[in-house]
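Hello! Here is the structure I promised to pass on to you. Have a look at it first, and then read my notes below.

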Amino acid sequence: MRFFSSSCRTLIPTYKVAVVGSGPSAFYTAYHVLSKKPETFNVTVDFFEKLPTPFGLSRYGVAPDHPEVKNCEDYLRTMMKDSPVRFFGNVTVGKDITLGELEQSYHSICLAYGVDNDNSLDIPGSDSPQVIPARQFVNWYNGYPTDFKPPNLEGIEDVTIIGNGNVALDVARVLLAPIDHWKPTDISEDALEVLRGSTVKNVNIVARRGLLESAFTTKEIRELLDLSKKGIKFIPIEESLWEDFVPSINKLDRPNKRKFTTIQKHLNQQIEHPQKTWSLQYMKSPKEFVTENGKLAKTIFTKNELVEGKVVAQDEQIEVKNELVILSIGYRGSSIAGMERYFLDRESRLQNKGGRVKPGYYTSGWIKNGPKGIIASTMMDSFDTGFNMLEDLNNGEYLQGEKADITEKLPNAVTWDQWLKLDDFELKQGEAKGKSRDKVNNIEKMLEIVNS
Ligand code: FAD
Ligand code: NAP
């Protein structure tokens with residue numbers, strides 16, 4: 001059954017859309033649906049977000065020294081002012097409300113709930129408390145409401161980061177850049193305190209494959225290389241690997257050529273007494289994390305060769321001294337209650353075609369594509385999902401039936417106005433401390449503020 005409104009002279013139907021999540025994919029999908037809908041029907045959108053706060057990884061993933069990236073959040077802020085949109089924070093879909101219940105209130109449901117776990121390594125020593133997933137470390141420095149406490153960085157000199165994607169580079173920058181770099185940002189107070197006491201001297205970023213397969217991008221590696229201006233030295237890439245690679249640089253595609261000429265320019269950084277050092281290492285897979293006297297002491301790596309693009313372990317092993325290991329080997333998605341049969345475990349995403357999962361159900365973002373992609377690519381792809389949602393609404397393909405308002409089922413939901421209270425609190429607290437924002441990193445405290 002359609003809901004009719006009389007916004008124009010003739011009656012036109014209003015379709016109700018639920019979006020699960022409020023990260024970039026959620027708000028870009030909603031933006032497309034609201035701004036590109038035909039004149040023949042109206043659309044309202046309700047966002048359901050498990051945290052009391054909006055913005056997903058824009059708030060809790062993007063590094064504190066990348067504030068310009070967070071400008072994407074303005075899409076949601078503007079929509080909340082100008083469009084028929086509501087925010088239900090502090091509501092975990094699948095727990096506080098089921099998908100079945102959402103069906104009773106919405107014509108279309110878009111699952112944009114991102115990913116909430118990390119890949120793990122099943123090797124000896126990986127259960128050591130000094131071997132931690134990058135996701136937890138990132139959550140912690142970004143003030144995500146979690147109980148995770150990273151190891152004190154006092155007494156730690158050498159850190160190994162496994163994996164060389166952009167998350168690995170963010171983590172390395174947090175460990176390497178001087179404290180003054182972080183002070184004015186919205187980095188968590190906890191992290192600032194630990195970084196102040198940090199004795200980290202050297203960070204090795206280790207990849208299992210070769211230079212050409214490096215997962216980081218140019219802007220992000222340049223940021224690390226530019227730390228030389230602050231006395232942070234890049235240790236040149238292993239000579240035998242680099243020398244073999246150099247002749248091919250000019251033949252690479254443009255992004256790769258830019259990436260490696262950027263590195264090439266920094267191979268001979270002249271810093272007499274570096275504050276800290278870092279390196280990019282290649283063709284090594286961790287085999288064991290070794291603990292001595294109850295503390296992580298080193299990682300044993302197997303040297304690899306690439307045979308037809310596949311990693312093949314060689315007999316040679318090398319040992320790298322480290323007191324902390326951060327695993328930056330990718331995030332992992334999971335199903336939501338009711339969607340199990342559509343969840344592709346290996347690909348860490350929901351099965352879909354152009355964002356269509358099953359009639360009335362759609363998906364956007366990392367849970368649609370797997371945990372990869374920057375905000376710009378997430379935006380373009382979310383517009384595709386939005387396009388298909390509109391096409392189906394236009395063709396009468398949606399969840400049929402009377403649609404009751406959902407509000408009374410969610411007495412503990414945080415509204416947008418309540419979030420604005422918390423937003424204001426964080427900004428003011430930040431200003432007092434000379435920071436762009438001071439995030440509240442505890443759900444109870446958040447709820448206390450929004451309900452005050
Ligand atoms: P998310 O942003 O994760 O949003 C998902 C939302 O759903 C979250 O708010 C979550 O709380 C909510 N949710 C989860 N489960 C439920 C549930 N059951 N019910 C209700 N809500 C739920 N890209 C850039 O362009 N530049 C960068 O500098 C950059 N830095 C990054 C740094 C890190 C550490 C990471 C991991 C990624 C970074 N990215 C960056 C990539 C960017 O963050 C992603 O492309 C983008 O956030 C994906 O959006 P999403 O909406 O799919 O997921
Ligand atoms: P990623 O780019 O996919 O990198 C994952 C890294 O982990 C790769 O080096 C990968 O190596 C390695 N890896 C995976 N499994 C491994 C294993 N079993 N053993 C050893 N190494 C393993 O993922 P990410 O760094 O988590 O980033 C996710 C997405 O967010 C990316 O699209 C990224 O660009 C984006 N992001 C962007 C920014 C930014 O724009 N500033 C910042 C952060 C994140 P192989 O290549 O060999 O598999």
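**Salt bridges**

Arg332 and Asp345 form a salt bridge, with their closest N and O atoms 3.0 Å apart; the term means a side-chain nitrogen of Lys or Arg within 4 Å of a carboxyl oxygen of Asp or Glu. This pair links distant parts of the chain: Arg332 is in strand 16 (residues 331–332), and Asp345 is in the loop between strand 17 (343–344) and strand 18 (349–350), 13 residues apart. Helices (H or I, at least four residues) and strands (E, at least two) are DSSP runs, numbered from the N terminus.

Before you read on, please note that this is a predicted model: local features need pLDDT of at least 70, side-chain atom pairs count only at pLDDT 80 or more, and totals for chains, interfaces and linings use all residues. Residues are numbered from 1 along each chain as its sequence is written, chains are lettered from A and ligands numbered from 1 in the order in which they are written, and side-chain values use heavy atoms, leaving out hydrogens and water.

A search of the whole structure finds 32 salt bridges. In one of them, Asp405 meets Arg86 at 2.8 Å, N to O. Asp405 lies in the loop between helix 13 (375–394) and helix 14 (416–433) and Arg86 in strand 4 (residues 85–88), so the pair ties together parts that are 319 residues apart in sequence. Arg59, Asp423, Glu426 and Arg437 are linked in a network of salt bridges.

**Cysteines**

How many disulfides does the structure hold? There are 0, where a disulfide is a pair of cysteine sulfur atoms within 2.5 Å. For Cys72, the closest cysteine sulfur is in Cys110, 16 Å away, which is too far for a bond. Cys72 counts as buried at 7% relative accessibility, and Cys110 is buried too, at 0%. Buried means under 20% relative accessible area, exposed over 50%, and partly exposed in between (1.4 Å probe, protein chains only).

**A positive patch**

Arg222, Arg254, Lys257, Arg258 and Lys265 form a positive surface patch. Patches are made of residues with over 30% relative accessible area and no salt bridge, joining like charges within 9 Å and nonpolar side chains (Val, Leu, Ile, Met, Phe, Trp, Tyr) within 5 Å. Lys and Arg count as positive. Helix 11 (residues 254–265) gives the most to this patch, with 4 residues. Lys265 has its place in helix 11 and is exposed, with a relative accessible area of 69%.

Enjoy exploring!

Technical notes: Areas by Shrake-Rupley, 256 points an atom, 1.4 Å probe, with all protein chains shown as cover. Charge placed at Lys NZ, Arg CZ, Asp CG, Glu CD.
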